[in-house]
Amino acid sequence: MENHEELLREVFGESSDSEDLDPQTKHHQTRDPIPSWEQIKEINGLWLCRGFLSPQHQSSLVSAVLNEGWFKEDSHNQAMRFGDLPAWAIELSSSIRDAVFLEDHVSEPINSVTSNGGTKPCILPSNLLWREPLFDQLIVNVYHPGEGICAHVDLMRFEDGIGILSLESSCVMHFTRVEEGGSDIVEHHENHPLTIKVPVLLTAGSLVIMSREARYLWKHEINRKPGFQMWEGQELMQERRISITLRKLCQVD
């Protein structure tokens with residue numbers, strides 16, 4: 001336990017609630033909180049880390065993204081980069097690896113046995129977590145109120161293991177299983193009354209990891225039109241949202 005706590009402090013810093021920190025130190029502290037992961041149990045391979053980045057880190061990251069100059073014109077709302085990623089994206093990738101490693105290999109050993117006799121699920125299999133680089137493709141999207149993304153599965157040119165970081169406005173992302181034998185989602189209508197659509201709330205600074213079934217067998221979408229962004233009976237207020245998606249290109253022999 002002591003080694004576990006020391007490693008957590010080394011990677012993520014001391015808790016900002018520490019009583020022996022003076023106000024000025026607390027104000028300037030920018031270390032991210034120790035990650036807390038939630039497994040979306042309806043979907044194998046889907047994990048959510050709320051509060052992955054501290055508010056200070058979120059603000060710095062938004063500034064770094066906007067300072068790239070990709071979105072100076074209103075008509076530009078997406079930027080893609082392949083291979084050599086910006087320094088902030090490389091740092092983000094490293095933070096993701098640290099957070100996954102701590103959950104899978106430090107908090108509880110990956111092969112630990114659960115209360116029902118099964119094996120504890122891991123966020124990313126070791127062959128994905130330790131590949132180099134972890135990610136080499138970047139997409140940044142800027143969504144204004146009412147703008148979202150249609151249901152889709154990421155292209156097969158990318159490997160398993162995808163990370164999506166949300167910044168600024170909260171939203172609900174919906175997951176729907178791909179129809180067996182086809183590539184289209186079975187939407188809710190009278191012929192398919194039992195279709196399951198799994199909602200996941202993405203707050204500012206939260207991170208989603210998709211692998212295995214979540215990556216290949218479920219489509220994800222964000223519908224930000226009026227009436228669709230509902231959580232616990234309340235409609236979310238829509239403002240600008242920035243998403244950062246990190247992926248790894250498949251190797252071509």
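**Reading the model**

Modeller: Let us begin with a single side chain: W130 is partly exposed, at a relative accessibility of 45%. Buried means under 20% relative accessible area, exposed over 50%, and partly exposed in between, with a 1.4 Å probe and protein chains only. The model is predicted, so local features need pLDDT of at least 70 and side-chain atom pairs count only at pLDDT 80 or more, while totals for chains, interfaces and linings use all residues. Residues are numbered from 1 along each chain as its sequence is written, and side-chain values use heavy atoms, with hydrogens and water left out.

Colleague: What share of the residues of the protein counts as buried?

Modeller: Of its 253 residues, 43% are buried.

Colleague: How many aromatic pairs does the structure hold?

Modeller: Rings of Phe, Tyr and Trp (its six-membered ring) pair if their centres lie within 6.5 Å; planes under 30 degrees apart are stacked, over 60 edge-to-face, and the rest tilted. The structure holds three such pairs. In one of them, the ring centres of W70 and F71 are 6.3 Å apart and the planes stand at 85°, so this pair is edge-to-face. W70 is buried at 12% relative accessibility, and F71 is buried at 15%. Together with W88, W70 and F71 form one aromatic cluster.

Colleague: Which parts does the pair of F101 and W130 tie together?

Modeller: Their ring centres are 5.6 Å apart with planes at 70°, so F101 and W130 are also edge-to-face. F101 belongs to helix α4 (residues 87-107) and W130 to the loop between α5 and β4 (137-143), so the pair ties together parts 29 residues apart in sequence. F101 is partly exposed, with a relative accessible area of 28%.

Colleague: Which residue lies over the face of F158?

Modeller: A charge sits over a ring if NZ of Lys or CZ of Arg is within 6 Å of the ring centre and within 35 degrees of the ring normal. Here R247 lies over the face of F158, at 3.6 Å from the ring centre.

Colleague: How many helices and strands are there in the protein?

Modeller: Helices (H or I, at least four residues) and strands (E, at least two) are DSSP runs, numbered from the N terminus. The protein has six helices and 13 strands.

Colleague: In what order do the seven strands of the open sheet stand?

Modeller: Strands of a sheet pair through backbone hydrogen bonds, either parallel or antiparallel. Two strands count as paired if DSSP finds at least two bridges between them. The order is β1-β2-β9-β6-β13-β4-β3, with antiparallel pairing. At the edges stand β1 (36-39) and β3 (78-82), each with a single partner strand, so one side of each has no neighbour in the sheet. Within this sheet, β6 (residues 162-168) and β13 (residues 241-247) run antiparallel and are joined by six bridges. The bridge partner of I164 in β13 is T245.

Colleague: Which strands form the open sheet of four?

Modeller: That sheet has the order β5-β10-β7-β8, again with antiparallel pairing. Its edge strands, β5 (149-152) and β8 (197-202), each pair on one side only. Four bridges link β7 (residues 171-177) to β10 (residues 218-222) in the antiparallel sense. In that pairing, R177 stands opposite W218 in β10.
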